[in-house]
Amino acid sequence: MDGGRRENQGCWRMKDCLFCKIIRKEIPARVQYEDEQVLAFHDINPQAPTHVLIIPKKHLPTLNDLGREDRDLAGHLILKATEIAKELGHADEGYRLVANCQEAAGQAVFHIHFHVLGGRRLSWPPG
Ligand code: 5GP
Ligand code: ZN
């Protein structure tokens, strides 16, 4: 871990982390995909007809915490996200894969996650 560097970000310990609780099935979620490395589930407050979150099972608070040792995991997360978007029918019409890093960028849960958003027109630039 990071020696308490993120103590003020609420959810920096695995024990307290909301998404670790979802991984451990302590909090229910509508699971879209699961394997040994990642879990994908539907967002509780969807911002589009499709709003799936894909997370590593390894607790990493932000994108900044990814190291070279996480190369395969990071690749797997992104590839799976694209497969989920395709499965849900968004390959041709388009979709957005987005990860917010740190509070100012909109990160509220400090366990790395990619949002897969699709099913409506998405504006750019984001707010
Ligand atoms: P962030 O703002 O950190 O990028 O995204 C966190 C996302 O987690 C938000 O879109 C929020 O709606 C979602 N979320 C927060 N709590 C829960 C929960 O208990 N279950 C599910 N499925 N999604 C959650
Ligand atoms: Zn976690």
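Leu 39 stands opposite Ile 55 in β3, where helices (H or I, at least four residues) and strands (E, at least two) are DSSP runs numbered from the N terminus. This is a predicted model, in which local features need pLDDT of at least 70 and side-chain atom pairs count only at pLDDT 80 or more, while totals for chains, interfaces and linings use all residues. Residues are numbered from 1 along each chain as its sequence is written, and chains are lettered from A and ligands numbered from 1 in the order in which they are written.

**Overall form**
- The protein has two helices and five strands, and from the N terminus on these elements follow the order α-β-β-β-α-β-β.
- The radius of gyration, taken over C-alpha atoms, is 14 Å, which agrees with the value near 14 Å for a compact globule of 127 residues, the globule rule being 2.2 Å times the number of residues to the power 0.38.
- Along the principal axes, the C-alpha atoms fill a box of roughly 45 × 35 × 30 Å.

**Strand pairing**
- β2 and β3 pair in the antiparallel sense over five bridges, and two strands count as paired if DSSP finds at least two bridges between them.
- Strand β1 (residues 31-34) also pairs with β2 in the antiparallel sense, over three bridges, and Val 31 stands opposite Phe 41 in β2.
- β1 and β2 form a hairpin, with three residues between them.

- Four of the five residues of β2 are buried, a residue being buried if 20 or more other C-beta atoms, placed from the backbone, lie within 10 Å of its own, exposed if 12 or fewer, and partly exposed in between.
- Across the protein, buried residues make up 25% of the 127 residues.
- Beyond its neighbours within four places in sequence, Ala 81 is in contact (C-beta atoms, placed from the backbone, within 7 Å) with Ile 54, Leu 97, Phe 114 and Val 116.

**Around ligand 1**
- There are 13 residues around ligand 1, of which Ile 44, Asn 45, Asn 100, Ala 108 and Val 109 come nearest; a residue is near a molecule if its C-beta atom, placed from the backbone, lies within 6 Å of it.

Technical notes. Contact = placed C-beta atoms within 7 Å.
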